[in-house]
Amino acid sequence: TVAGFVEKNKDAHSADLLAVLGASTDPLIQQLFEEDTAAADPSSPLSPAGPRAKGKSSTTASFKIKSQAGDLVKTLMRCSPHYIRCIKPNDTRTPLGFVDDRVLHQVKYLGLLENVKVRRAGFAYRQFYDRFLKRFKYVCAQTFPRPFKGSDRDACRAILESVPQLRGGQYYQLGETKIFIRYPENLFLLEELREASFSRMATAIQRAWRRFVGRKRFIKLRKGINRVLAKSGKERRRPSMFQTYQGDYLGYPGHAGLKGVVEFIDPEKFTWNEFFAEAYGRKYFYNPFTQETVWDTAPTPVKEKMYFCCMVERVANHLTGVCAKEFFVLSDKAV
């Protein structure tokens, strides 16, 4: 304890010991006991017998500790403090081994979270232009997919100005080599926009792939049908090529069953769930059945308009030539 520390450290070194230490050739020993050897030397100005040291006695251990602490404080005040926090990852001293509970306890104990909050009180994020552009270029249409024609600094400015919440320049600053963003919320907004752009690109890739696979399957199926028909000697009826249109073959306005099928509104096509996109400040609707997304307003059910209908025969089995009668309906939505 600190009780009685001063009284216990008032003992002074003997003059013979100081003389022996002063005669040492080691520079470190001479530096540590420079004052003591000078005070023990009667011819020294710092000696109690000297003309300038009237009333002074030899230096004690407590006085040396106090003077060294004062010199350390003066040295620290002349410097710019930069602290390095050391965290012990585990107790077994094994490399690449981290104990989450122990690391979290040290982070809280050392106050690192408070230091991060103080750091973010100024500019929460600072990054070089090239790295910022490489990470957030997907947010702006001027920088992706085609490269930006200009410097990295202008590209970063275009990215930030493309976001309505960051326009004006009061939320960021452009330095010589780095960009500075003031609030963490702005950085989180950029991250959300980046993730949303990735989602849109993934959807576009899926749509293109499905279209390619579907068209490839359709072409293969059409070639197979033509090959089967050509092998069995079947072809289209020649008189049907010149058959004129004679109106509604089935009497659609008075055909209750067919009218109900054509005017049927599929509830799955109009099942829209409402969401809100915080990154854009807008609401959007998503259909889980058709996997479609629309902004602001959900589509309203609209009845299809019928243009033509008739009874047709469809080849149900190409090997046996068995036909099946079905309705052929042509509307403004589909066939």
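Of the 335 residues in the protein, 19% are buried, where buried means under 20% relative accessible area, exposed over 50% and partly exposed in between (1.4 Å probe, protein chains only). The model is predicted, so local features need pLDDT of at least 70 and side-chain atom pairs count only at pLDDT 80 or more, while totals for chains, interfaces and linings use all residues. Residues are numbered from 1 along each chain as its sequence is written, and side-chain values use heavy atoms, with hydrogens and water left out.

The protein has 11 helices and 8 strands; these are DSSP runs, numbered from the N terminus, with helices being H or I of at least four residues and strands E of at least two. Its accessible surface comes to about 26,100 Å², and 57% of that belongs to carbon and sulfur atoms, by the Shrake-Rupley method with a 1.4 Å probe.

Rings of Phe, Tyr and Trp (its six-membered ring) pair if their centres lie within 6.5 Å; planes under 30 degrees apart count as stacked, over 60 as edge-to-face and the rest as tilted. The count comes to 5 aromatic pairs. Two of them are described here. The ring planes of Tyr125 and Phe132 stand at 50° with the centres 6.3 Å apart, so this pair is tilted. Both of these residues, Tyr125 and Phe132, are buried. For Tyr138 and Phe144 the centres are 4.9 Å apart and the planes at 65°, so the pair is edge-to-face. Tyr138 counts as partly exposed because its relative accessibility is 22%, and Phe144 counts as partly exposed at 24%. Tyr125 and Phe132 also belong to one aromatic cluster with Phe136.

Charged side chains also lie over rings, a charge being over a ring if NZ of Lys or CZ of Arg is within 6 Å of the ring centre and within 35 degrees of the ring normal.

| Charged residue | Ring | Distance to ring centre |
|---|---|---|
| Arg135 | Phe136 | 5.8 Å |
| Lys178 | Phe128 | 4.8 Å |

Helix α8 (residues 129-136) and helix α10 (residues 184-231) have axes that come within 10 Å and cross at roughly 45°. That makes α8 oblique to α10, since angles under 35 degrees count as roughly parallel, over 145 as roughly antiparallel, 65 to 115 as roughly perpendicular and the rest as oblique. The axes are lines fitted to C-alpha atoms, for helices over the stretch in contact, with angles from 0 to 180 degrees between N-to-C directions. Phe132, Arg135 and Phe136 in α8 meet Leu187, Leu190, Glu191 and Arg194 in α10, contact meaning heavy atoms within 4.5 Å.
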